[in-house]
Amino acid sequence: MSETTTVTETGGTSDPLGDETLAQRALALDAADELGEHRERFALDAGTVYLDGNSLGALPAHVPARMADVITREWGELRIRSWDESGWWTAPERIGDRIAPIVGAAPGQIVVGDSTSVNVFKAVVAAARLAGEGRDEILVDATTFPTDGYIAESAARMTGHRIVPVAPAGMAGAAGPRTAAALVNHVDYRTGRLHDLPGITAALRAAGALAVWDLCHSAGALPVGLDAHGVDLAVGCTYKYLNGGPGSPAYLYVAERHQAAFDSPLPGWNSHSDPFAMTPGYEAAAGAVRGRVGTPDILSMLALEAALDVWDGVAIEDVRAKSLALTDFFLECVRAYVPEGRVATVTPEAHGERGSQAALSCANAPAVMAELIRRGVVGDLRRPDVLRFGFTPLYVGFADAERAARILSEVLTDLPA
Ligand SMILES: *Cc1c(COP(=O)(O)O)cnc(C)c1O
């Protein structure tokens, strides 16, 4: 069912001289890091190494003041005038255009709103409709984050399609004349494996099927290249690497070539060509607006908009380079510090197959992660045995990586195997 994950035994040499060298190297790497200064833009405390930005991104420090203004002035004083005067009504497309360069999309193709789960539903149904008659299968990443699978299954029941679970490595080969679409996670949320978006997309399109990508664990961590690789539809959340805040709205990308035929299964009034005409008949708006549903969640949306300021002037290629350097260095520190045989690396070693996290499997993982968090290293657990450490290059540094590996080794030494 699932593709094989690279499992490498790690552990071994923990001589004090080596430890000192790694700590010193971390300092040198941080000193040379051109993204290092971005850390000051986030609310972080020196006592914590925060390696869970792939679950909830840290708060950009300027967001509270912006939200105070949104609430007291835009809502409190301008009230309903803010829909026009404060730009509330057009926020979903405006913010979509700010996410666009981060995922390699030209403007006008991304709309922000709803949760990722809801956008998966829109995208899968719309893809099935775009694919047309005679294609009755929807391929779904067999290793997907669960919500995508649940939603796709329901969408398929509604559209009369059949779900075929396929591991991403087999996706290209599985696409055929009966394939309407495939829904694939760009990065595996558990293992951190990066899937071949260009290759899988090309194979799907060659088979006449649509490629629907879930970017939750890649957007903001590595280049996606939606336009360059001909992706048809994509969704993603904004509260992980995009730091939009808890439950911040997700986004939907519909490639421009599909917009005119995009037939939303949730054609709410916000996606109408003239919403305030309040006509009984539905007529879809043109462009990205067509992906909207109902009244946008303005407070969360504007928190996200402010949070995106931290990307101004940042090249995603630089973020990627630092991300790989960080995960390389963390894994090197783990190998040097952690007692032999106590953890195994689940995340692929090859750069081309690695997202922006390091996942380690170990015995007693729930107790290990609880103790790590108590000692100020915040990662998370994916049951039963995976310790996940997310590396967010805008605010995590090399000294953090070294400290996390060192404390992990202390915890493993202190706890029973
Ligand atoms: C985080 C994540 C989601 C989250 O979906 P929500 O609707 O925002 O809860 C979906 N898919 C993937 C791949 C994720 O990593």
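For the lining lists below, I take a cavity as a set of grid points where a 1.4 Å probe fits but cannot get out, and I count a residue as lining when it has an atom within 4 Å of a point. The model I am reading is predicted.

**Cavities.** I searched the whole structure and found 3 cavities of 30 Å³ or more. For the largest cavity I noted a volume of about 60 Å³, with a lining made up of Phe 42, Gly 220, Tyr 241, Asn 243, Trp 311, Val 319, Thr 392, Pro 393, Leu 394 and Tyr 395. Sorted by class, this lining holds 7 nonpolar and 3 polar residues, and no charged ones. Because domain 1 (8-35 + 315-414) and domain 2 (64-311) both contribute lining residues, I place the largest cavity between them.

The second largest cavity has a volume of about 40 Å³; among the residues that line it are Gln 109, Val 111, Phe 262 and Arg 290. I recorded 5 nonpolar, 4 polar and 1 charged residues in that lining.

**Backbone.** I next looked up the peptide bond from Arg 383 to Pro 384, which is cis with omega near 5°, and located Pro 384 in the loop between β13 (380-382) and β14 (386-390).

Met 278, although not a glycine, has a positive phi of about 50° and sits in the loop between α9 (256-259) and α10 (298-307).

With a relative accessible area of 35%, Asn 364 is partly exposed.

Note on methods. Residues are numbered from 1 along each chain as its sequence is written. This is a predicted model: local features need pLDDT of at least 70, side-chain atom pairs count only at pLDDT 80 or more; totals for chains, interfaces and linings use all residues. Side-chain values use heavy atoms; hydrogens and water are left out. On a 1 Å grid over the protein atoms alone, a cavity is a set of points where a 1.4 Å probe fits but cannot get out, and a pocket is an open set with protein on both sides within 12 Å along at least five of seven lines; lining residues have an atom within 4 Å of a point. Grid points are joined across faces, edges and corners, and a volume is the space filled by probe spheres set on the points. Ala, Val, Leu, Ile, Met, Phe, Trp, Tyr, Cys and Pro count as nonpolar, Asp, Glu, Lys and Arg as charged, and the others, Gly among them, as polar. Domain bounds come from an automatic or database domain assignment. Helices (H or I, at least four residues) and strands (E, at least two) are DSSP runs, numbered from the N terminus. Buried means under 20% relative accessible area, exposed over 50%, partly exposed in between (1.4 Å probe, protein chains only).
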